[in-house]
Amino acid sequence: MVESPYEMDGNVARFRLTGSGGLEGCMHAVRDVILHAEQAGVRMLLVGVTAVDAGPPSVAERYWIMSEWAIAGRGAVQLALVIRPEFIDPDNFGTSGFTSEARAMDWLLGRRSPEPPSA
């Protein structure tokens, strides 16, 4: 049996990525976790990338990343991404992220929050 790359918190899988694999390495690591979650029947995934040593993605990179992750989850995995504030695009393109795990968890669990995603 393959060891799980995430820890379960109720019905939500939590994964915190660290390291210096750059943006591409980060994208691949998260994609692999999404694939693992989808295959394991996990429907909600909270991913923290605040400790990753990479700069904010460009608009083209955001599109590429979101496309890769959407394909991996095949619509079966709801993803909440915890990011650093500088990763939030000023035009809100490709931002499905939160700056706190608490807000990300609230969103995944359908709890009302005073602020929308990317807050």
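This is a predicted model: local features need pLDDT of at least 70, side-chain atom pairs count only at pLDDT 80 or more; totals for chains, interfaces and linings use all residues.
The protein contains 3 helices and 5 strands. Along the sequence these elements are arranged in the pattern β-β-α-β-α-β-β-α. Of its 119 residues, 39% count as buried. Contacts between residues at least 6 apart in sequence were also examined, and 71% of these join residues at least 24 apart.

Helix α1 has 19 residues, and the distance from its first C-alpha to its last is 27 Å, close to the 27 Å expected at 1.5 Å a residue. The buried residues of α1 are L23, C26, M27, V30, V33, I34, A37 and E38. Viewed down the axis of α1, these buried residues fall within an arc of 135°, so they line one face of the helix. They pack against strands β2 and β3 (44-52), helix α2 and strand β4. After α1 comes G41, which has a positive phi near 80°.

Although G21 and V52 are 31 residues apart along the chain, their C-alpha atoms are separated by 7.8 Å.

Helix α2 covers residues 59-73, and its 15 residues should span 21 Å at 1.5 Å a residue; the C-alpha atoms at its ends are 21 Å apart, in agreement with that value. Buried positions in α2 are R62, I65, W69, A72 and G73. Seen down the axis of α2, the buried residues fall within an arc of 100°, so they line one face of the helix. The partners of these buried residues are α1 (22-40) and β4 (78-82). Exposed residues A60, Y63 and I71 are carried on the face of α2 that is turned away from its buried side. Just after α2, R74 adopts a positive phi of about 50°.

The packing of α1 and α2 was then considered. Two packed helices are described by the angle between their axes and by the distance between the axes. For α1 and α2, the axes come within 8 Å and cross at roughly 20°. An angle under 35 degrees counts as roughly parallel, and α1 and α2 are therefore roughly parallel to each other. The crossing of α1 past α2 is right-handed. On the α1 side, the residues that meet α2 are L23, E24, M27, V30, R31, I34, L35 and E38. Their counterparts in α2 are E61, W64, I65, E68, W69, A72 and G73.

Helix α3 spans residues 101-108 and includes L108. L108 is buried, with a relative accessible area of 5%, where the cut-off for burial is under 20%. Apart from residues up to four places away in sequence, L108 touches V12, M44, L45, L46, Q78, L79 and A80. One of these contacts, M44, is 64 residues from L108 along the chain, yet the C-alpha atoms of the two residues are separated by 6.7 Å.

Note on methods
Residues are numbered from 1 along each chain as its sequence is written. Side-chain values use heavy atoms; hydrogens and water are left out. Helices (H or I, at least four residues) and strands (E, at least two) are DSSP runs, numbered from the N terminus. The expected span of a helix is 1.5 Å times one less than its number of residues. Buried means under 20% relative accessible area, exposed over 50%, partly exposed in between (1.4 Å probe, protein chains only). The arc is that of the directions from the helix axis to the C-beta atoms. Contact means heavy atoms within 4.5 Å. Axes are lines fitted to C-alpha atoms, for helices over the stretch in contact, and angles run from 0 to 180 degrees between N-to-C directions. Angles under 35 degrees count as roughly parallel, over 145 as roughly antiparallel, 65 to 115 as roughly perpendicular and the rest as oblique. A crossing is left-handed if the near helix is turned anticlockwise from the far one by less than a right angle, and right-handed if clockwise.
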